[in-house]
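Here is a short briefing on one protein model. Please look over the sequence and the structure before reading on.

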Amino acid sequence: MNYRRAEVRDIPVLADLRKKQLIDEGQKPDLDMDYELTDYFEKKMSDGSLVEWVAEEDERIIATGAIIFMDFPPSFTNKTGKQGYIANMYTDPDFRGRGIASEILERLAKEARERHIHKLILYASKWGRPVYQKYGFRDAGAWMELKL
């Protein structure tokens, strides 16, 4: 297994894995968003606000995970306001249960520590929750959203 930072040349595969992740989480693939995904990855990877790691088996990307660096107003629990949002965690079903996601998560946490970020947040799917709990993530209240 080879682990490496994703590069711009990987964007088509990253976009495909993102769609597979969303489908696994129950979303219906009734929208073409290839342009938007490509544009997002190009912008965020080039400005450094997103770092994505991949795992390869026989030169094929079989797993991925990203950290998005975000600024929030300072708070009593995070005086810098800087946070890392873990996203795009996906492992091909044929490779699950081998510790690949945990290894990618460790590399993402290292990216955060190198940027002096002390708080990571994420939305956990039912598949990811055990991985995150084992790593040390704890439930921190309700996630709410408003669609406009």
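About how many helical turns separate Glu-103 and Arg-107 in helix H3? Being four residues apart in that helix, Glu-103 and Arg-107 are separated by about one helical turn. Their side chains meet in a salt bridge of 2.9 Å, N to O. The model is predicted, so local features need pLDDT of at least 70, side-chain atom pairs count only at pLDDT 80 or more, and totals for chains, interfaces and linings use all residues. Residues are numbered from 1 along each chain as its sequence is written, and side-chain values use heavy atoms, with hydrogens and water left out.

**Salt bridges**

- A salt bridge here is a side-chain nitrogen of Lys or Arg within 4 Å of a carboxyl oxygen of Asp or Glu.
- The count by this rule is 15 salt bridges.
- Helices (H or I, at least four residues) and strands (E, at least two) are DSSP runs, numbered from the N terminus.
- Arg-96 and Asp-24 pair through their side chains at 2.6 Å, N to O. This pair links distant parts of the chain: Arg-96 sits in the loop between S4 and H3, Asp-24 in helix H1, 72 residues apart.
- Arg-96 counts as partly exposed at 34% relative accessibility. The bands are buried under 20% relative accessible area, exposed over 50% and partly exposed in between, with a 1.4 Å probe and protein chains only.
- Asp-24 is also partly exposed, at 26%.
- Lys-110 is partly exposed at 46% relative accessibility.

**Largest pocket**

- The largest pocket holds about 1,000 Å³ of space.
- The search uses a 1 Å grid over the protein atoms alone. A pocket is an open set of points where a 1.4 Å probe fits, with protein on both sides within 12 Å along at least five of seven lines. Lining residues have an atom within 4 Å of a point.
- Grid points are joined across faces, edges and corners, and the volume is the space filled by probe spheres set on the points.
- The lining has 37 residues. Nearest the centre lie Gln-21, Glu-25, Met-89, Tyr-123 and Ser-125.
- Two or more lining residues come from each of helix H1 (11-24), helix H2 (34-47), strand S4 (82-91), helix H3 (100-114) and helix H4 (129-135).
- S4 gives the largest share of the lining, seven residues.
- By type, the lining has 20 nonpolar, nine polar and eight charged residues. Nonpolar covers Ala, Val, Leu, Ile, Met, Phe, Trp, Tyr, Cys and Pro; charged covers Asp, Glu, Lys and Arg; the others, Gly among them, are polar.

**Gln-21**

- Gln-21 lies in helix H1. At 7% relative accessibility, Gln-21 counts as buried.
- Not counting residues up to four places away in sequence, Gln-21 touches Asn-88, Met-89 and Tyr-90. Contact means heavy atoms within 4.5 Å.

**Nonpolar cores**

- A nonpolar core is a set of buried Ala, Val, Leu, Ile, Met, Phe, Trp, Tyr and Cys residues joined through side-chain atoms within 4.5 Å.
- The largest core has 22 residues, and Ile-86, Met-89, Ile-100 and Ile-104 touch the most other members.
- Strand S2 (50-57), strand S3 (60-71), S4 and H3 each supply at least two residues of this core. H3 gives the largest share, six residues.
- Beyond its neighbours within four places in sequence, Ile-86 is in contact with residues including Ala-66, Ile-67, Leu-105, Leu-122 and Phe-137.
- Another core lies apart, with 16 residues, among them Ala-6, Ile-11, Leu-14 and Ile-61.

**Loop between S2 and S3**

- Asp-58 is found in this loop. Its phi is positive, about 55°, although Asp-58 is not a glycine. Asp-58 counts as exposed at 72% relative accessibility.
- Glu-59 has its place in the loop between S2 and S3 too. Phi of Glu-59 is near 65°, a positive value in a residue other than glycine. Glu-59 counts as exposed at 76%.
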